[in-house]
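Hi,

Here is the structure I promised to pass on.

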Amino acid sequence: MLTDRLLSAVASRYLGKPDLAEFLSIRFPDLPSVLSGARNEVARLLGWDGSARLTTLNVELTSRCNAACSYCDVNRQLGRPNQDLDLSLYARLLECSPTLEAVLPFQWGEPLLYPALDEALALSTRRGLRSYLTTNGLLLDGDRFRQLAATGLDRLTVSLDGDASDHRARRGYDQTAVIEQLAEARQAQMRDGLKTKLDISMVVDESVAASMPDFRKRLSPLCDRLQFIPRMIQGERTQSCREPSRGVLVVLSDGSVTTCCADVRGELALGHLNDGDPASLYNGPRWRALRKQHRKGDLPVTCKNCAECNVPGVSPRFS
């Protein structure tokens with residue numbers, strides 16, 4: 001497709017991150033979405049701090065999780081209540097965001113714990129939005145995957161870590177059962193011709209980089225796409241970030257809004273749903289000020305201390 005070739009060129013020549021070509025093709029699958037992304041990038045380059053277009057909501061339906069991964073603040077030091085977002089609020093978010101193209105109904109919690117997950121996904125589908133979901137896979141099997149597919153979910157990503165010993169050390173539970181359940185989901189997808197794509201992701205740092213080739217070999221048959229994501233760490237940021245201008249607004253389960261997953265506690269204080277609708281917040285004074293700070297290199301503490309592990313072959317996301 002023309003858009004795939006265009007995005008491959010963008011990944012390689014403009015971003016200098018050829019491994020992100022497939023990711024861009026998923027997030028920008030058609031010409032309208034490509035044009036929206038290009039519009040936001042041009043606005044960023046020209047310093048139009050109030051001109052970014054809201055295209056994606058990343059909504060934390062729940063901050064509860066049934067795991068305690070060593071590199072995740074949930075169940076460790078989240079610093080805010082473990083709670084669920086009211087479904088009616090989720091519906092209102094979609095209704096008052098007319099420029100939306102996609103929704104990611106997850107953030108720090110485990111979305112399969114959310115009682116009204118299927119209703120939330122179906123709401124997104126009825127509004128013509130693409131939807132992407134990430135899970136730890138503990139509650140996934142063939143039947144659950146069929147239920148999720150029936151809502152119109154576009155892609156489900158299962159997050160795993162390295163080999164069996166890596167996974168247990170990082171997550172505190174065995175990988176084998178999750179892989180067996182993932183195989184059930186893959187079988188259901190292929191047997192029933194389900195349209196929902198099934199992906200696998202791995203958060204990588206130097207300690208597990210050596211297991212990447214084996215991880216790919218073992219798990220590629222169980223998914224449509226396999227991706228490696230650099231682990232977020234505390235460290236000095238040396239480059240400005242596209243996130244405040246990329247068209248994405250993150251809604252935490254307590255109603256706080258922020259710019260990306262690095263702001264786990266909502267410390268940037270970019271607003272609250274009580275302050276207005278997502279579109280007005282996204283181009284409100286706090287967001288414009290944050291974009292200006294990134295443009296000038298005068299970063300707030302949360303951004304200044306945001307870094308990613310440097311793993312060969314795995315491009316950083318926030319630069």
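This is a predicted model: local features need pLDDT of at least 70, side-chain atom pairs count only at pLDDT 80 or more; totals for chains, interfaces and linings use all residues.

Residues are numbered from 1 along each chain as its sequence is written, and side-chain values use heavy atoms, with hydrogens and water left out.

**The sheet**

Eight strands make an open sheet with mixed pairing, in the order S6-S5-S4-S3-S2-S1-S8-S9. Helices (H or I, at least four residues) and strands (E, at least two) are DSSP runs, numbered from the N terminus, and two strands pair if DSSP finds at least two bridges between them. The edges are S6 and S9 (257-258), each pairing on one side only.

Buried means under 20% relative accessible area, exposed over 50%, and partly exposed in between (1.4 Å probe, protein chains only). Arg 225, Gln 227 and Ile 229 point one way from S6, and Leu 226, Phe 228 and Pro 230 the other. S6 runs parallel to S5, joined by six bridges; Arg 225 is the bridge partner of Asp 199. S1 and S8 are also parallel, over four bridges, with Val 59 partnered by Val 251 in S8.

In H4 (87-95), the buried residues are Leu 89, Tyr 90, Ala 91, Leu 93 and Leu 94. Their cover includes strands S1, S2 and S8 plus helices H5 and H10 (contact means heavy atoms within 4.5 Å).

H7 (164-171) buries Asp 166, His 167, Arg 170 and Arg 171. These cover an arc of only 100° around the axis, so they sit on the same side of H7; the arc is that of the directions from the helix axis to the C-beta atoms. Ser 165 and Ala 169, on the other side, are exposed. Strands S4 and S5 are among what covers the buried side.

**Arg 291**

(Lys and Arg count as positive and Asp and Glu as negative; His and the chain ends are not counted.) The Arg 291 side chain does reach the backbone oxygen of Pro 244 at 2.6 Å.

Cheers

How values were computed: A polar contact is a pair of N or O atoms within 3.5 Å; within protein, one must be able to donate a hydrogen and the other to accept it, and residues adjacent in sequence count only if both atoms are side-chain atoms.
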